[in-house]
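Subject: Structure for you to look at

Hello,

I am passing on the structure we talked about, together with some notes on what was found in it. Please open it first and keep it beside you while you read.

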Amino acid sequence: MSDERPERSNDVTGKLFLGGVSWQTTEDGLKFYFEKFGKLKDCAVMKDKFTGQPRGFGFVQFEDASAVDKVLAEEHTIDGRVLDIKKAISREHAPRAISEKIDVKKIFVGGLEQAVTEGDFKDYFGKFGDITDAVVMMDRNTNRSRGFGFVTYADAESVNRVMNETHTLRDKVVEIKRAEPRDSSSLAPSRGVFFSTKCTIPFFKQYLIMQKYSS
């Protein structure tokens with residue numbers, strides 16, 4: 001079972017979205033776990049088509065749709081991660097408003113130690129994708145770090161990979177949020193000024209985005 005299955009049906013009967021999937025979790029692992037609820041007709045861990053890295057979510061589809069309610073009645077932990085499980089939604093029903101956030105390529109990084117540099121940003125966050133810009137915000141009077149900064153990627157998928165993990169820089173866990181245009185109804189920045197949203201797009205909304213735009 002792989003991410004490249006052009007003949008996969010749009011039928012979502014008996015299908016569940018699985019968010020928060022560990023990068024260590026395999027399709028065989030998902031199948032082994034969920035088969036106790038009923039016979040599966042499909043199982044997938046979604047992967048980036050360029051890097052082959054897991055995207056942090058997947059799907060299972062049961063032959064008997066009644067198995068869905070059994071799964072949703074419990075909490076599920078696989079490879080140390082509690083899964084975010086919801087009924088899958090067909091592509092045509094993916095909300096349009098959510099899809100507008102698909103092109104966010106910039107992240108806010110807060111709670112930085114004073115010693116963190118832009119070089120640290122590039123070294124650490126570069127493993128998630130190609131970086132086009134990285135900046136640690138400095139106080140203009142003291143030239144000391146203000147404790148936050150921004151990283152901009154060449155593509156939005158890199159941001160999705162970052163959002164799936166907890167991050168530590170110089171032995172301190174940092175706060176990561178998507179940075180979006182000041183006018184959230186538009187993807188165009190207002191004079192290049194961005195702010196950090198209080199809420200990031202959870203796994204299920206990322207799935208809805210994929211449903212809306214995948215061919």
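**Rings and charges**

The charged end of Lys36 sits over the ring of Tyr33, 4.1 Å from the ring's centre, where sitting over a ring requires NZ of Lys or CZ of Arg to be within 6 Å of the ring centre and within 35 degrees of the ring normal. Lys15 likewise lies over the face of Phe59, at 4.9 Å from the ring centre.

Before going on, please keep in mind that this is a predicted model, in which local features need pLDDT of at least 70 and side-chain atom pairs count only at pLDDT 80 or more, while totals for chains, interfaces and linings use all residues. Residues are numbered from 1 along each chain as its sequence is written, and side-chain values use heavy atoms, with hydrogens and water left out.

Rings of Phe, Tyr and Trp (its six-membered ring) pair if their centres lie within 6.5 Å, and a pair is called stacked with planes under 30 degrees apart, edge-to-face over 60, and tilted for the rest. By this rule the count comes to 12 aromatic pairs. Phe34 and Phe37 have ring centres 6.3 Å apart and planes at 40 degrees, so this pair is tilted. Phe34 and Phe37 are both buried, a word used for under 20% relative accessible area, with exposed for over 50% and partly exposed in between (1.4 Å probe, protein chains only).

Phe121 and Phe125 form an edge-to-face pair, with 5.8 Å from centre to centre and 85 degrees between the planes. Both lie in helix 4 (residues 118-125), 4 residues apart, which is about one turn of the helix; helices (H or I, at least four residues) and strands (E, at least two) are DSSP runs, numbered from the N terminus. Phe121 is buried with a relative accessible area of 0%, and Phe125 also counts as buried, at 0% relative accessibility. Ring pairs link Phe121, Tyr124, Phe125 and Phe128 into a cluster.

Which residues of helix 1 (residues 27-34) are buried? They are Glu27, Leu30, Tyr33 and Phe34. Seen down the axis of helix 1, these buried residues fall within an arc of 130 degrees, so they line one face of the helix, the arc being that of the directions from the helix axis to the C-beta atoms. The face turned away from the buried side carries the exposed residues Asp28 and Phe32.

An open sheet of 4 strands has the order 2-3-1-6, with antiparallel pairing, and two strands pair if DSSP finds at least two bridges between them. Strand 2 and strand 3 pair in the antiparallel sense over 6 bridges, and Val45 stands opposite Gly58 in strand 3. Helix 1 packs on the sheet, touching strand 1, strand 2, strand 3 and strand 6, where contact means heavy atoms within 4.5 Å.

**Around Leu112**

Leu112 has its place in the loop between strand 7 (106-110) and helix 4, and at 7% relative accessibility Leu112 counts as buried. Leaving aside residues up to four places away in sequence, Leu112 touches Phe121, Val136, Gly147, Phe148, Gly149, Leu169, Lys172 and Val174. The C-alpha atoms of Leu112 and Glu175 are separated by 8.4 Å, although these residues are 63 residues apart along the chain.

Best wishes

Methods:
Axes fitted to C-alpha atoms, helices over the stretch in contact; angles between N-to-C directions.
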